[in-house]
Amino acid sequence: MSLAVFLAILCLGVADATQSSDPSLDSEWQKWKTKYDKSYSLEEEKQKRAVWEENMKLVTQHNIEYDQGKKNFTMQVNGFGDMTSEELRKMLTDIPVPNLRKKKNVHQPIIGYLPKFVDWRRRGYVTSVKDQGKCNSCWAFSAAGAIEGQMFRKTGKLVSLSAQNLVDCSRTEGNRGCYSGHTFRALKYVWKNGGLEAESTYPYEGREGHCRYLPERSAARITGFSIISRTEEALMHAVATIGPISVGIDAAHESFTFYRDGIYYEPKCGSNTVNHAVLLVGYGYEGRESDGRKYWLIKNSHGEEWGMNGYMKIARGRNNHCGIATYAVYPRV
C-alpha cells in the first residue's frame, strides 16, 4: 500500500492567548510592532497584544530550557508573533502526493561515496531568501528554487525565477494560487508550459492575479522532473549529486514558527505528513559526526528575519524527522 501524505501550504502553529496585558512588556511590544511594521485598531490591538504575550512566554521558556541543555535550538518572537494557531489553520488544505508505486520518474540512489558536508550556496546554486508574505505560496518558491539550481548547473548563470508566474498560471495543473499549491504540479506546469519567467520580468506581488506569462521572456525550461524515493539515504544522495531539492516538511508547530538557530528537533513532528514546502540546499553535522548532531540545511520563504537569515538546520538521521524525505522532487533540465 502506498504512503499517502498531504501538502498543506504555510502551516505554522502558534500559541493561543487569553486577553491579558503585562505593562513590563510595553517597550518590547512597541519595538516589535515597529520592526515588523504592525498597526491595529484599538480593539484589534488588545487581542493581538494578548496573543503576542503568550508567544513571548512560550519562547522565553523554551530558551531557558536551551540554556539548561534541554533543547538543541533557540527561538525568537518574529513577524508571526501576533498570530494564533486557529488563524493559520484555516489556510490549510489537503493535497495527495504522487504515488511512487508507478516507478516512473522515481530517483533511485547509486551506492557510492558521498561528502560529509554539502552547501550549494557556496557553489552559486542558490538565490537570495524570499518572503512569501501572506500569500500561501511556499510551494512556488520551493519549485522555483529547485529550477534555479539546475539552470545554474546547466548554464553557469544564476537567475532568480518568478514565483508569481507559478502563483498566477499553474491553476491549469491544479494549484490554487495564494490558497494552496503543490510543488509537483508547479514543476509539471513549467514542463508543459515550455518555460518560466524570471523574477525581474514577472515580479512577486503576494496575491494571485491573471496569468501574464510571455514565451519570449522565458528564463528557464525543464525537460521533466523526478521524485525521490522516501528515505533519508536517497535524499542525501540526491542533494549531494544533483543540487538543491524541493522538499515538504511538517512545520505545524510553534517551535518551527519561532525558530532562530541551532539544529531543529521537535518531538511532535510527524514523519508521514508534510504541510510546508522549502528548498533543501545541503547537509552536514556539528561537533563530531558520531555525536549524532547531523542536520539538513533548508531555505525557507519567510524572509531573512526568520531563522538563520532565512535558513534552518533540521535534524538528520532521526527517522525522517518532520517528514523531510517523505515528499522530495527535483526538475530535470
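This report looks at confidence, helix packing and strand pairing in one predicted model.

Since the model is predicted, local features need pLDDT of at least 70 and side-chain atom pairs count only at pLDDT 80 or more, while totals for chains, interfaces and linings use all residues. Residues are numbered from 1 along each chain as its sequence is written, and side-chain values use heavy atoms, with hydrogens and water left out.

**Confidence**

Mean pLDDT (the predictor's confidence in each residue, from 0 to 100) is 88 for the protein, with 86% of residues at 70 or more. Residues 1-18 sit below 50, yet this stretch has 90 contacts (heavy atoms within 4.5 Å) beyond near neighbours in sequence. Residues 91-96 also stay under 50, with 26 contacts beyond four places in sequence. Where pLDDT is low, the predicted coordinates should not be read in detail.

**Helix packing**

Helices (H or I, at least four residues) and strands (E, at least two) are DSSP runs, numbered from the N terminus. Axes are lines fitted to C-alpha atoms, for helices over the stretch in contact, and angles run from 0 to 180 degrees between N-to-C directions.

| Helix pair | Angle | Axis distance |
|---|---|---|
| α4 (138-155) and α6 (183-193) | about 55° | 9 Å apart |
| α1 (26-35) and α2 (42-67) | roughly 105° | within 12 Å |

The angle makes α4 oblique to α6; under 35 degrees would be roughly parallel, over 145 roughly antiparallel, 65 to 115 roughly perpendicular, and the rest is oblique. On the α4 side, W139, S142, A143 and I147 make the contact, meeting T183, A186, L187 and V190 of α6. That's six nonpolar, two polar and no charged residues (Ala, Val, Leu, Ile, Met, Phe, Trp, Tyr, Cys and Pro count as nonpolar, Asp, Glu, Lys and Arg as charged, the others, Gly among them, as polar).

The other angle puts α1 and α2 roughly perpendicular to each other. Here D26, E28, W29, Q30, W32 and K33 of α1 touch E45, K48, R49 and W52 of α2, giving three nonpolar, one polar and six charged residues.

**Strand pairing**

Strand β8 (259-264) pairs (at least two DSSP bridges) with β1 (73-75), antiparallel over three bridges. M75 has Y259 of β8 as its bridge partner. Two bridges also join β8 to β11 (311-315), and these strands run parallel. There, Y264 is partnered by I314 of β11.
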